[in-house]
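I opened my notebook to look up a few things in this structure. Here is what I went through, entry by entry.

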Amino acid sequence: MSVLGRVGRFLSRFKYIIVIVVGIAIVGFVDENSYLSKIKYNRQIEDLRAEIDELNAQFIADSLRLNELDHNPAAIEKIARERYFMKADDEEIFVLSDDIKEEVTDAAAQ
């Protein structure tokens, strides 16, 4: 009974301090709006802001390119030649690919 009596006296003497420590622990670490959650949300905000900046830069580049395509017919021809392998009547296009080299090295490895 003396151990229970000591624990009871300890709890009754420091009950306010115990409640404050437990409350701070709950608010600081366990709660939905805890300090750890706040740190996690701040990291997510930083990542999203970086992504917004990246997408804004891409938007500006795409807008400039679209403006160039609207006003410059040579730009349309350049893109058609590069992406879609279109050619003029008096020229030939040779497409070089590294795919064959990879297949040969894969076959040699086996």
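**Entry 1: the whole chain.** Before noting any surface number, I wrote down that accessible areas come from the Shrake-Rupley method with a 1.4 Å probe. With that in hand, I looked up the protein chain, which exposes about 10600 Å². Carbon and sulfur atoms supply 60% of that area. I also reminded myself that this is a predicted model.

Next I checked how much is hidden. The protein chain has 110 residues, and 5% of them count as buried.

Read along the sequence, the pattern goes α-α-α-α-α.

**Entry 2: Ser34.** I went looking for a buried residue and picked Ser34. Ser34 sits in the loop between helix 2 (15-30) and helix 3. Its relative accessible area is 3%, and buried means under 20%, so Ser34 counts as buried.

What does Ser34 touch, if I skip residues up to four places away in sequence? My list reads Val27, Gly28 and Phe29.

**Entry 3: Phe29.** Is Phe29 buried or exposed? Phe29 has a relative accessible area of 58%, so I put it down as exposed. Skipping residues up to four places away in sequence again, Phe29 touches Ser34 and Leu36.

**Entry 4: a nonpolar patch.** Phe29 turned up again when I looked at the surface. A nonpolar patch there is formed by Val22, Ile26, Val27, Phe29, Val30, Tyr35, Leu36 and Ile39. Together they have about 790 Å² of accessible area. The elements that give two or more residues to this patch are helix 2 and helix 3. Which one gives the most? I noted helix 2, with five residues.

Ile26 lies in helix 2. Its relative accessibility is 42%, so Ile26 counts as partly exposed.

**Entry 5: a negative patch.** Then I looked for charge. Glu46, Asp47, Glu51 and Glu54 gather in a patch of negative charge on the surface. Why does Asp47 count as exposed? Its relative accessibility is 54%, and the cut-off for exposed is over 50%.

**Entry 6: Leu69.** My last stop was Leu69, which I also found in helix 3. At 24% relative accessibility, Leu69 counts as partly exposed. Leaving aside neighbours within four places in sequence, Leu69 is in contact with Ala75, Ile76 and Ile79.

How far apart are Leu69 and Ile79 in space? I wrote down 9.3 Å, C-alpha to C-alpha, while in sequence Leu69 and Ile79 are 10 residues apart.

Definitions and conventions. Residues are numbered from 1 along each chain as its sequence is written. This is a predicted model: local features need pLDDT of at least 70, side-chain atom pairs count only at pLDDT 80 or more; totals for chains, interfaces and linings use all residues. Side-chain values use heavy atoms; hydrogens and water are left out. Patches are made of residues with over 30% relative accessible area and no salt bridge: like charges are joined within 9 Å, nonpolar side chains (Val, Leu, Ile, Met, Phe, Trp, Tyr) within 5 Å. A salt bridge is a side-chain nitrogen of Lys or Arg within 4 Å of a carboxyl oxygen of Asp or Glu. Lys and Arg count as positive and Asp and Glu as negative; His and the chain ends are not counted. The place of a charge is taken as NZ of Lys, CZ of Arg, CG of Asp or CD of Glu. Buried means under 20% relative accessible area, exposed over 50%, partly exposed in between (1.4 Å probe, protein chains only). Helices (H or I, at least four residues) and strands (E, at least two) are DSSP runs, numbered from the N terminus. Contact means heavy atoms within 4.5 Å.
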